Amino acid sequence: MSRPWLNRVLEHEPRRLLRAVDRVSFEVAQGETLALVGESGCGKSTVARLIARLYAPSEGSIEFRGRRLQMIFQDPYASLNPRWRVRTIIEEPMRFLDGGGKPVAELLRQVGLSPDDAERYPHEFSGGQRQRISIARALAGEPELLICDEPTSALDVSVQAQILNLMAELQQRLGLTYLFISHNLAVVSLVADRVGVMYLGRIVELANASELFARPRHPYTRMLLDAVPDLGMTGKPRTPVRGEVPNPLAPPTGCAFHPRCPYANARCQAEVPRFANGVACHAVEENRL
């Protein structure tokens, strides 16, 4: 992740490594939805790709007690082969996973499409319909875990609601487990059983969704929630978003959030907080927050 070799030689710059994900540890129970949230660049999509084995971890381990997992990507058009008919797209996982599986027509009906759509191409569908095709393709492998990497962020708001309702219905009917990656807290509040908040490659808070949205503990979690528009006009005091995410190639010492945190002290600048009781924060540990 360093600059090109010639630049480093000419400028006498040492090689630097980027820790996209650092000391992240969590479990996902069967049948639940665990959401990972945070600003762009916090590492949540990297975690998803590590679990799906699209990236190989340099350290640590990933344990999956199920039989199969599949992934739903953010952009439904980019993730579908434009030269293939829908039938071929959905059948592809079956060819690599010992065959079997449900008929394509049944999978299409399951996601709210017509069996006749199997003979069409991706460009003939709307964005919401393409995401339904992506979901059908994921279900073709009969997975137990679905990794959903911002599956609604590229869709219109009304279509987002349709896709979320579809995913909730499928989860209940098929007993699916979801790892849901998103930066949209409004969406997360609707779908998640538990929420993990990530900042600069680490989980800083992990709690039940109802508890986290009602009583956020970490200053970063509070900042994220304060950034959501107050449509109810409650008049509740809100802390405006301050600063920017640090350069991950040169992260701050101590707590990575301390340059943006209104509760930071000298300990925060020097010592990395340990994750305990669902949160990693010196201010919470010292009862200053």
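Modeller: Asp 22 is buried, with a relative accessible area of 14% (buried is under 20%, exposed over 50%, partly exposed in between, using a 1.4 Å probe and protein chains only). This is a predicted model, in which local features need pLDDT of at least 70 and side-chain atom pairs count only at pLDDT 80 or more, while totals for chains, interfaces and linings use all residues. Numbering runs from 1 along each chain as its sequence is written, and side-chain values use heavy atoms, with hydrogens and water left out.

The partner of Asp 22 is Arg 23: the two form a salt bridge, their closest N and O atoms 3.9 Å apart (a side-chain nitrogen of Lys or Arg within 4 Å of a carboxyl oxygen of Asp or Glu).

With Asp 117 it makes a salt bridge whose closest N and O atoms are 2.9 Å apart, and with Glu 124 it makes another, at 3.9 Å from N to O. Asp 117 counts as buried at 10%, whereas Arg 120 is partly exposed at 27%; Glu 124, at 37%, is also partly exposed.

A network of salt bridges links Arg 267, Glu 271, Glu 285, Glu 286 and Arg 288. In total, the count comes to 13 salt bridges.
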